[in-house]
Amino acid sequence: MGPGWSSRLLALSLLFLIDPLGILTSLLGWGLLGCKGSRIIGGREVKPHSRPYMASVRFLGEHHCGGVLFMAQWVLTAAHCFFNKDSSHALVVLGAHSPSDPEPTQQVFRIQRSILHPCYDPVTHENDICLLKLNRKAVLSSSVGLLKLPSKGVDPEQGTKCLVSGWGSLSDFGESPQGLMETDVSVLGRESCNKSWKGQVSSKMLCANSGSWKHNGFCTADSGGPLICGKEAQGIVSFSGTWCGDPKTPDVYTLVSAYITWIQRMVQKSKQAPLLPC
Ligand SMILES: *[C@@H]1O[C@H](CO)[C@@H](O)[C@H](O)[C@H]1NC(C)=O
């Protein structure tokens, strides 16, 4: 555990002294641990390399976003991870468990090409999806593997059990996890989620939460990482509210099945690839 832990524990224990009932502590605690779709809170560390399709996108050696390897040379992630960013400065690490330390299982790549969805809108979060072509094919092994994308048009129904995993920091104090984290979530009804988000949720988005926000919160996500339902990447971590565990703002994912045609077109045409206008 990093030094950040002790400062957070100290801050929370001071709060507890002046607030024995824990009201302030829970209010402020959630604020301190607050989230913007970038961290797993209240999850568990996965068995190392048990999710071999998880990619870690790093800038200057620091974990920036998650992603999922779905073909030997292609990673799917979120567009907001690369918006106004120079992908030539990024590295993609496969076969990792630690977010920072080198490991013998790791394969490190440069990005040959990053393809943001041409209709990505950073304000509405619409079409928050991005393809990364690696500079060479990954060598598949027990610690580097592929995750299937869903078929076109599949829409996981309300209550479907899924997993979300990532290396996002564990709190606003910025401490990194020791290894890849994950937590269980369930798919929410789109209509009620849309109401919670005041009409911001489109038919190409998917909502999910942990169902027990007091312990897990909704800060379950790591931007760009996959929402894994069954054995498919049904969602890409896109956005969530500022307040952890606030039922008013459940986590929102990009619905991968709505982009299968676009993905296939980009992967096939990546050599000549005239980018389609929005
Ligand atoms: C979400 O709500 C807005 C505003 O009421 C509506 O325009 C939009 O179509 C809704 N989205 C879905 C997927 O129903």
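D184 is partly exposed in this predicted model, with a relative accessible area of 41%. The residue belongs to strand 9, which covers residues 181–187. Leaving aside residues up to four places away in sequence, D184 touches R44, C162, L163 and S210. With R44 there is also a polar contact, side chain to side chain, at 3.0 Å. L227 is 43 residues from D184 in sequence, and the two C-alpha atoms are 9.7 Å apart in space.

The chain as a whole gives the setting for this residue. Its secondary structure comes to four helices and 13 strands. The chain has 278 residues, of which 55% count as buried. Among contacts between residues at least 6 apart in sequence, 71% join residues at least 24 apart. The chain exposes about 13,000 Å², and carbon and sulfur atoms supply 58% of that area.

Not counting residues up to four places away in sequence, L94 touches M54, A55, L69, T105, Q106, Q107, F109, L134, A138 and V144.

S143 lies in the loop between strand 7 and strand 8 (161–166). Is S143 buried or exposed? Its relative accessible area is 7%, so S143 counts as buried. Beyond residues up to four places away in sequence, S143 touches H49, P52, G95 and T105. T105 is also on the list of residues that L94 touches.

Most residues other than glycine have a negative phi. N127 has a positive phi, near 60°, and is not a glycine. N127 lies in the loop between strand 6 (107–116) and strand 7 (130–134). K198 is likewise not a glycine, and its phi is positive at about 55°. K198 is found in the loop between helix 3 (190–196) and strand 10 (205–209). Which of the two is buried, and which is exposed? The cut-offs are under 20% relative accessible area for buried and over 50% for exposed. N127, with a relative accessible area of 6%, is therefore buried, whereas K198, at 79%, counts as exposed.

Helix 3 also holds S192. A polar atom of the S192 side chain lies 3.3 Å from the backbone oxygen of G189. C207 is 15 residues from S192 along the chain, and their C-alpha atoms are separated by 9.6 Å.

The last stop is the ligand. Which residues surround the ligand? They are R190, N194, G199, V201, S202 and S203. N194 places a polar side-chain atom 2.3 Å from an oxygen atom of the ligand. V201 has a backbone N or O atom 3.1 Å from a nitrogen atom of the ligand. On its own the ligand has 360 Å² of accessible area, and the protein covers 39% of this.

Definitions and conventions
Residues numbered from 1 in each chain as written. Predicted model: local features only at pLDDT ≥ 70, side-chain atom pairs only at ≥ 80, totals over all residues. Heavy atoms only, no water. Helix = DSSP H or I, 4+ residues; strand = E, 2+ residues; numbered from the N terminus. Buried < 20%, exposed > 50% of the residue type's maximum accessible area, 1.4 Å probe, protein only. Contact = heavy atoms within 4.5 Å. Near = heavy atom within 4 Å. Polar contact = N/O pair within 3.5 Å; in protein donor to acceptor, adjacent residues only side chain to side chain. Areas by Shrake-Rupley, 256 points an atom, 1.4 Å probe, with all protein chains shown as cover.
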